Amino acid sequence: MAVFDIGKAYTFSGMNLKITHKGNPAANAKVTRVVEWQKEQVDEFTADESGQVELPEVKERSLTQLLPTQFVAAQVVNVEFEGKEYEIWVNSKMSPEKNSELGGHPLDLECELTREPVAVEDFDTILVTSCHWK
């Protein structure tokens, strides 16, 4: 960890999404990411013609990172496509480490909007998602 990273937490690791709808690319889908740790942050992205979109990592600095307190960052990703909204990622991130959402694996996801979200309990939290990862 670099000196400049002391006290910083990854509240949302970088995420690469391939979004489909009924098996076809969800071209120009609007993606909204919400992360709440010390305050709520909302940002928006647009998928390209092939349904691909990259969400950069979110790192925040806080003195609480240096104290013995429980880290919890709320994460939500919604997709708006053809007039309908889909909630594809709901998670409580329990560790400030990069990629801790999936136990250290990169967040390279394939998300089919018509797939029902499922609860995944493999990563010390309950992640509700309609996405698959490699």
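# Reading a disulfide, a sheet and a core

Modeller: Let's start with the torsion about the S-S bond of C111 and C131, which is about 105 degrees, so the disulfide is right-handed. C111 lies in strand β10 (residues 107-112) and C131 in strand β13 (residues 131-133), so the pair ties together parts that are 20 residues apart in sequence. Keep in mind that this is a predicted model.

Colleague: Happy to. How many disulfides does a search of the whole structure find, and are C111 and C131 buried or exposed?

Modeller: The search finds one. The sulfur atoms of C111 and C131 are 2.0 Å apart, and both residues are buried.

Colleague: Now the strands. In what order do the six strands of the open sheet come?

Modeller: The general idea is that strands of a sheet pair through backbone hydrogen bonds, either parallel or antiparallel. Here the order is β5-β4-β8-β9-β12-β11, with antiparallel pairing. β5 (40-46) and β11 (118-120) stand at the edges with a single partner strand each, so one side of each is left without a neighbour in the sheet. From one strand to the next, the twist averages 20 degrees.

Colleague: What about β2: which strands do its bridges join it to?

Modeller: β2 is joined to β6 by four bridges, running antiparallel, with N16 opposite E54 in β6. Six bridges join β2 to β10, and these two run parallel; the bridge partner of L17 in β10 is L109. Two bridges also join β2 to strand β3 (residues 24-25), running antiparallel, with T20 partnered by P25 in β3. The hairpin of β2 and β3 has two residues between the strands, and K22 in the turn has a positive phi of about 55 degrees.

Colleague: Why is β2 described as largely enclosed by the rest of the structure?

Modeller: Because five of the seven residues of β2 are buried.

Colleague: And how should I read the nonpolar core?

Modeller: In soluble globular proteins, nonpolar side chains tend to be buried together. In this model the largest nonpolar core has 28 residues, and those with the most contacts inside it are M15, L17, V31, V77, I88 and W89. The elements giving two or more residues to this core are β2 (15-21), β4 (30-36), β6 (52-55), β8, β9 (84-93) and β10. Leaving out residues up to four places away in sequence, L17 touches residues including V31, V77, I88, L109 and C111.

Colleague: One polar case, then. Is Q75 buried or exposed, and what does its side chain meet?

Modeller: Q75, found in strand β8 (residues 73-81), counts as buried because its relative accessibility is 1%, with the cut-off for buried being under 20%. A polar atom of the Q75 side chain lies 3.0 Å from the backbone oxygen of T11. The side chains of Q75 and W89 are joined by a polar contact of 3.2 Å. Beyond its neighbours within four places in sequence, Q75 is in contact with residues including F12, V34, N91 and E101.

Terms used: Residues are numbered from 1 along each chain as its sequence is written. This is a predicted model: local features need pLDDT of at least 70, side-chain atom pairs count only at pLDDT 80 or more; totals for chains, interfaces and linings use all residues. Side-chain values use heavy atoms; hydrogens and water are left out. A disulfide is a pair of cysteine sulfur atoms within 2.5 Å. Buried means under 20% relative accessible area, exposed over 50%, partly exposed in between (1.4 Å probe, protein chains only). Two strands pair if DSSP finds at least two bridges between them. Axes are lines fitted to C-alpha atoms, for helices over the stretch in contact, and angles run from 0 to 180 degrees between N-to-C directions. A polar contact is a pair of N or O atoms within 3.5 Å; within protein, one must be able to donate a hydrogen and the other to accept it, and residues adjacent in sequence count only if both atoms are side-chain atoms. Contact means heavy atoms within 4.5 Å. A nonpolar core is a set of buried Ala, Val, Leu, Ile, Met, Phe, Trp, Tyr and Cys residues joined through side-chain atoms within 4.5 Å.
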